[in-house]
Amino acid sequence: MSEPTTMPANPFRVIAILSVAAFVVILNETIMSVALPRLMEEFNITEATVQWVTTAFMLTMAVVIPTTGWILTRFRLRSVYIAAMLIFTAGTLVAALAPVFIMLVAGRVIQAIGTAIMMPLLMTTVLNLVPFEKRGRVMGIVGMVISAAPALGPTVGGVILEQFDWRWMFWTVLPIAVVTLVVGGTMLRNITETRPMKLDFLSVILSAVGFSGLIYGLSSLGEAARGVALVPAWIPLAIGGISLTIFVLRQLAMGHNAFLNVRVFAVPTYSFAMVLMIAANMAMFGTFIVLPIYIQQVLGFDAQVAGMVMLPSGILMGVLGIFVGRAFDAVGARPLLIPGSIIGAAGLWGMTTLNATSPLWILVLWNILMAVGIGMMMGPLMTSALSSLPGRLYQHGSAIFSTLQQVAAAGGTALYITVMSVAAVVGFGQGEDPLTAQMTGMHNALIWGAVIMLLPVVGAIFFRPQRHVDEPAQV
């Protein structure tokens, strides 16, 4: 039997609270990217190892997010929110106090658990409270949070790192997280129905092994290129692939009681949008990791400059979210996706022309084009995908969307780092100096990203979104 709900007089206040909290937690996904060179020096670790500060965060999210379909069905919104923010706050404290690299990674893992719950919570709340005709502008804000927060992470991190120790990235976030926890916990009320749902532990295990194996394998490719991987990358990739195959078969057999209802992929609009989202996120997140390293280690600027270079793109992604959402309500997805994908691809192809003497302004220009283009895509893709589902699949659709977003981000990061690492190994073997070898690796990585971004360019032309008309409008 469902627990009683308390519908808010102003549902947009609820969404605003969740959006602020989500922005704070998602910002931490990329805030450490500008600190990677500093961490490599302090802990005496390689590029392939230091990437785990970011990759472990994304890996954990990919493992936890699939459980949110069950969590949001079983528990009340306010309880879920408080739990998520408490976990995130605890992880922030652990990371701030970390004396060794492994403890820093542990703190990031704890942070990621809280972050993983917040993202589907925000999307599911919007879908339950906002009717379709207003959904574009609200999802535009959600898209702004999901896209702009990672884009602004390097800027915030760079400003902090230039003035303080890297631990202050966490000490600065900690009081904000506490305030958000208290304010949100005080103001939020339950606004969605809950129902008893048995947790299928075998599905949880298969999901965790599958997604963690997939992302660990992808991330190990960079270590394998340097000959320092603990296990060959194909082993976790194979284990992950087999586990996910069994997981999907089990979910199909469980029907409507599925732990994570993969039948959402039977909806063509949802599946098509997922493909375009994965490609765009791989290109974007890989670039977010590589550019700060390029600015500091190749061009020779400090972390603060690296962060400021990333600032304009982050601001534009944030501002665009509002206007793109309104435009979506007026004209639909395709008129935004087609120019957005072309602009994003133009920015990425422009980055392939960068070299060891490129001026900063040209880097800022290409980065802005990439961010603006992808920013025009994320909100329409997310809204089109989730609005094509019946209401009973909202939690599952948002959980899968968020999971695949993290898999794509981890895959893009692993791809870029692997290409860079391979080029460094080959270059050293051929007698190249470290700077030349590293620049070649970054150039090759950016080419891969630009090629991947061509998929959304072609896909946007053929995208014909269909929304599910049998859906409740509660406000």
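Student: What makes helix 14 and helix 17 a packed pair in this predicted model, and at what angle do they pack?
Tutor: Helix 14 covers residues 334-351, and helix 17 covers residues 434-452. They pack at an angle of about 160°, with axes 8 Å apart.

Student: Why are helix 14 and helix 17 called roughly antiparallel?
Tutor: Set the angle against the cut-off. Angles over 145 degrees count as roughly antiparallel. The angle here is about 160°, so helix 14 and helix 17 are roughly antiparallel to each other. Helix 14 also passes helix 17 in a left-handed crossing.

Student: Which residues meet where helix 14 packs on helix 17?
Tutor: From helix 14 come L348, W349 and M351. From helix 17 come L446, G449, A450 and V451. By class, this contact has six nonpolar residues, one polar and no charged.

Student: What is the span of helix 12, and what span is expected?
Tutor: Helix 12 runs over residues 268-298. It reaches 44 Å from its first C-alpha to its last. That is close to the 45 Å expected at 1.5 Å a residue. Just after helix 12, G300 takes a positive phi of about 85°.

Student: Why is T46 called partly exposed?
Tutor: Buried is under 20% and exposed is over 50%, with partly exposed in between. T46 has a relative accessible area of 28%, so T46 is partly exposed.

Student: Where does T46 lie?
Tutor: T46 is in the loop between helix 2 (36-43) and helix 3 (47-50). T46 and L36 are 10 residues apart in sequence and 9.6 Å apart in space, C-alpha to C-alpha.

Methods:
Residues numbered from 1 in each chain as written. Predicted model: local features only at pLDDT ≥ 70, side-chain atom pairs only at ≥ 80, totals over all residues. Heavy atoms only, no water. Axes fitted to C-alpha atoms, helices over the stretch in contact; angles between N-to-C directions. Helix = DSSP H or I, 4+ residues; strand = E, 2+ residues; numbered from the N terminus. Parallel < 35°, antiparallel > 145°, perpendicular 65-115°, else oblique. Left-handed = near helix turned anticlockwise from the far one by under 90°. Contact = heavy atoms within 4.5 Å. Nonpolar A, V, L, I, M, F, W, Y, C, P; charged D, E, K, R; others polar. Expected span 1.5 Å × (residues − 1). Buried < 20%, exposed > 50% of the residue type's maximum accessible area, 1.4 Å probe, protein only.
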